[in-house]
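Me: I would like to learn how to read a protein model. Could you take me through it one feature at a time?

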Amino acid sequence: MSVHVSQSAHKIQLWRRLGSVQYRDSSLLQRQHLSSFSSKADRNDDLVTLEASPDTGVATLRMHRSPANSLSMEMMQSISGAIRKAESDRKIQSLILTSSLPSGIFSAGLELTELYQPDLARLPKFWESFQQLYLDLYGSRLSTIASIGGPAPAAGCMLSLSCDYRIMTDNPKCTIGLNESQLGIVAPPWLAQQYIDVIGNRNAELALLLGTLFTPQQALTVGLVDELVCSGDSSIDEMAQRKAAEFIRIPPKARVAAKELTRGTQIAKLSGNREEDTEFFCSFVTTDTVQKTLGSYLEMLAKRKK
Ligand SMILES: CC/C=C\C/C=C\CCC/C=C/CC(=O)SCCNC(=O)CCNC(=O)[C@H](O)C(C)(C)COP(=O)(O)OP(=O)(O)OC[C@H]1O[C@@H](n2cnc3c(N)ncnc32)[C@H](O)[C@@H]1OP(=O)(O)O
């Protein structure tokens, strides 16, 4: 325990060094006014849809927060709520997570306006919702399948990493990975660990350093996704349904126990460390250095669109 505390203290020091100056006022940020990135709270009620089929035992959770399923606090709470709702139905054994946006984007990761010029009262709650979403999805009793029909960067990748199986459309324009370093930030340790667990230490090390976004073929090669669907083949949703049926044939207690074997330690680790993790995040993301880089990244996104 004492080792853990001193390592944590060391990590706090490291974060503070990475972002040289603490965020004290917003004057610098106000100069970098970006009018197109200004939304914060959104309505909780129409961000996801849950369709449960007691006959098949499969529920489908569709994300539709326009334009890119980015994860605002309300969006994360809605996804968590839908997972818990599906879990509370004992007839449901499997959950397919997918997007119903016309663009096909799976999820653009964390809503960048939550990180840039953040509302300081909301920021810890935002991060706690992210932690909660990870705990709800990664620790779900349901067998979970990510049906990835479009890009899934950063926390969008986390959503898929938290599932038991990942199916992706084989379109080279749809990329997936933890690209945080390209934004001047880093993935939290629990998310980095998921990456390491899924693609192995060396692949994860390189990809985290470079902020790699993998094409579907590359993702298949490193094991970041389990299966690809060519456009024109049977639909990705059908494949996901078939996979769900395969998981459902395994006796639920054994399936849940097997999942606990590989995920229990990480889940317990974050559950026991949430406050500290939130403190790291808030102090890191609000440094002037990180804020400047995020501002430039948002400008780059807006320009790319033009
Ligand atoms: C203990 C220590 C803890 C922590 C350490 C400290 C801190 C940091 C940890 C933070 C972790 C962060 C994880 C994240 O998820 S950060 C978010 C990263 N996301 C991205 O980089 C994705 C950016 N978006 C894209 O690359 C493209 O938009 C995408 C490939 C998804 C789709 O491309 P496409 O060309 O199809 O569409 P666009 O025109 O680009 O986008 C459509 C509209 O969506 C808006 N958009 C896109 N992404 C976001 C986003 N993440 N947040 C908000 N808005 C987003 C984009 O601006 C377009 O909007 P409009 O112009 O149409 O209004």
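**Reading the features**

Reply: Happy to! Keep in mind that this is a predicted model. Let's begin with the ligand: helix 4 (112–115), helix 12 (274–285) and helix 13 (288–305) each give at least two residues to the shell around it.

Me: Which helix supplies the largest share of that shell?

Reply: Helix 12 does, with five residues.

Me: How many residues surround the ligand, and which are the closest?

Reply: There are 30 residues around the ligand, and the closest are Ala108, Gly109, Ala154, Ala155 and Phe280. Sorted by class, the shell has 20 nonpolar, six polar and four charged residues.

Me: Now the helices. How is a pair of packed helices described?

Reply: Two packed helices are described by the angle between their axes and by the distance between those axes. Here, helix 3 (residues 73–88) packs with helix 5 (residues 123–138) at an angle of about 25°, and their axes are 9 Å apart. Angles under 35 degrees count as roughly parallel, so helix 3 is roughly parallel to helix 5. The crossing of helix 3 and helix 5 is left-handed.

Me: Which residues make the contact between helix 3 and helix 5?

Reply: From helix 3, they include Met73, Met76 and Ile79; from helix 5, they include Phe126, Phe130 and Leu133. By class, this contact of helix 3 with helix 5 has eight nonpolar, four polar and three charged residues.

Me: What are the angle and the axis distance for helix 5 and helix 11?

Reply: Helix 5 and helix 11 (residues 252–271) pack at about 155°, with axes 11 Å apart. Helix 5 and helix 11 are therefore roughly antiparallel. Their crossing is left-handed. Gln131, Leu135 and Tyr138 of helix 5 meet Arg263, Ile267, Leu270 and Ser271 of helix 11.

Me: What about the backbone? Where does proline 67 lie?

Reply: Proline 67 is in the loop between strand 2 (58–63) and helix 3. The peptide bond from serine 66 to proline 67 is cis, with omega near 0°. Asparagine 69 is also found in the loop between strand 2 and helix 3, and its phi is near 50°, a positive value in a residue other than glycine.

Me: Is asparagine 69 buried or exposed?

Reply: A residue counts as buried with 20 or more C-beta neighbours within 10 Å. Asparagine 69 has 28 inside 10 Å, so asparagine 69 is buried.

Me: And what is phi of alanine 154 near?

Reply: Phi of alanine 154 is near 50°, a positive value in a residue other than glycine. Alanine 154 lies in the loop between strand 5 (152–153) and helix 6 (155–161). With 26 C-beta neighbours inside 10 Å, alanine 154 counts as buried.

Note on methods. Residues are numbered from 1 along each chain as its sequence is written. This is a predicted model: local features need pLDDT of at least 70, side-chain atom pairs count only at pLDDT 80 or more; totals for chains, interfaces and linings use all residues. Axes are lines fitted to C-alpha atoms, for helices over the stretch in contact, and angles run from 0 to 180 degrees between N-to-C directions. Helices (H or I, at least four residues) and strands (E, at least two) are DSSP runs, numbered from the N terminus. Angles under 35 degrees count as roughly parallel, over 145 as roughly antiparallel, 65 to 115 as roughly perpendicular and the rest as oblique. A crossing is left-handed if the near helix is turned anticlockwise from the far one by less than a right angle, and right-handed if clockwise. Two residues are in contact if their C-beta atoms, placed from the backbone, lie within 7 Å. Ala, Val, Leu, Ile, Met, Phe, Trp, Tyr, Cys and Pro count as nonpolar, Asp, Glu, Lys and Arg as charged, and the others, Gly among them, as polar. A residue is near a molecule or strand if its C-beta atom, placed from the backbone, lies within 6 Å of it. A residue is buried if 20 or more other C-beta atoms lie within 10 Å of its own, exposed if 12 or fewer, and partly exposed in between; C-beta atoms are placed from the backbone.
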